[in-house]
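Thank you all for coming; I would like to take a few minutes to go through one structure with you. Please have the sequence and the model open while I talk.

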Amino acid sequence: MAYTITMDAGHGGFDNGASYNYRLEKDDNLALTLAVGNILEDYGFRVLYTRTDDIYKSPFQRATEANENGSDLFVSIHRNSGAVPNLYNGIETLVYSKYGFPAQMAENINDQLVRIGYKNNGVTERQNLIVLNSTDMPSLLTEVGFINSDKDNLLFDNSFYETAYAIADGITMTIYPQNY
């Protein structure tokens, strides 16, 4: 049986997430999540989604779905935001614990994104996030640049597919290190 990954596009529906110059986080999250999922399917993974269109589901609903569908991994895609536009930029991946399989995957994803040109803001432990503390499988949440950073948006838009491949490759190289 194929390795099953639940891909989670953060926010959705009435929950826009962060916004900047008419750009909505929920839209970037969905587009990137679907692109990463398609690549992972091409790599032979079984991919399930918490959403494939603009609907709202609570973080608990997302975690529960992944638990009930027997996923082996939960990956949530988001964009970060700072209080002041263009003050911050870069990627960050959040994990429940900075040790073990999810932390190694987070490092691998970040390393792959740095190769494209994103600044690495590291791996951060966040035990209070429902999508990290209520899943029965390893889980992580990747913040793919700051939505209120012109530099990150330019990189996100101009290197969209490279960004999707970087995330998919970071996942794959952690699950199947012998292939890298």
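What we have here is a predicted model, in which local features need pLDDT of at least 70 and side-chain atom pairs count only at pLDDT 80 or more, while totals for chains, interfaces and linings use all residues. Residues are numbered from 1 along each chain as its sequence is written, and side-chain values use heavy atoms, with hydrogens and water left out.

On that scale Tyr161 counts as exposed, at 56% relative accessibility. Tyr161 lies in helix α6, where helices (H or I, at least four residues) and strands (E, at least two) are DSSP runs, numbered from the N terminus. Together with Tyr43, Tyr165 and Tyr180, Tyr161 forms a nonpolar patch on the surface, with about 470 Å² of accessible area in total. For such patches, residues need over 30% relative accessible area and no salt bridge; like charges are joined within 9 Å, and nonpolar side chains (Val, Leu, Ile, Met, Phe, Trp, Tyr) within 5 Å. The areas themselves come from the Shrake-Rupley method with a 1.4 Å probe, and for residues only the protein chains shown count as cover.

Now to the interior. A nonpolar core, as I use the term, is a set of buried Ala, Val, Leu, Ile, Met, Phe, Trp, Tyr and Cys residues joined through side-chain atoms within 4.5 Å. The largest nonpolar core has 31 residues, of which Ile5, Leu32, Leu40, Ile167 and Ile171 touch the most other members. Elements that each supply at least two residues of this core include β1 (4–9), α1 (25–42), β5 (73–80) and α3 (101–116), and α6 gives the most, with seven residues. Taking Leu40 as an example, and leaving aside its neighbours within four places in sequence, we find Leu40 in contact (heavy atoms within 4.5 Å) with Ile5, Met7, Phe45, Val47, Ala168, Ile171 and Thr172. There is also a second, separate core of seven residues, which includes Phe74, Leu94, Val131 and Leu141.

Two helices deserve a geometric check, for which the expected span is 1.5 Å times one less than the number of residues. The 18 residues of α1 should span 26 Å, and its end C-alpha atoms are 26 Å apart, which agrees. For α3, with 16 residues, the expectation is 22 Å and the end C-alpha atoms are 23 Å apart, which again agrees. The buried residues of α3 include Pro102, Met105, Ile109 and Leu113, and what covers the buried residues of this helix includes β5, β6, β7 (120–125), β8 and α6. Each helix is followed by a glycine with positive phi: Gly44 after α1, near 105 degrees, and Gly117 after α3, near 130 degrees.

What about charges? A search of the whole structure finds six salt bridges, each being a side-chain nitrogen of Lys or Arg within 4 Å of a carboxyl oxygen of Asp or Glu. In one of them Asp8 pairs with Arg62, the closest N and O atoms being 2.5 Å apart; Asp8 lies in strand β1 and Arg62 in helix α2 (residues 59–68), so the pair ties together parts that are 54 residues apart in sequence. Asp8 is buried, with a relative accessible area of 2%, and Arg62 counts as buried at 3% relative accessibility.

Arg79 forms another salt bridge, with Asp28, and there the closest N and O atoms are 2.5 Å apart. That pair links distant parts of the chain, with Arg79 in strand β5 and Asp28 in helix α1, 51 residues apart, and both Arg79 and Asp28 are buried. Lys57 and Glu65 also meet through their side chains in a salt bridge (2.7 Å, N to O); Lys57 is buried, with a relative accessible area of 16%, whereas Glu65 counts as partly exposed at 27% relative accessibility. Finally, salt bridges that share partners join Arg23, Asp28, Arg79 and Asp157 into one network.

I will end with a loop residue. Asn148 lies in the loop between β8 and α5 and counts as buried, at 4% relative accessibility. Leaving aside neighbours within four places in sequence, Asn148 has contacts that include Tyr20, Asn80, Ser81 and Gly82.

Terms used:
Buried means under 20% relative accessible area, exposed over 50%, partly exposed in between (1.4 Å probe, protein chains only).
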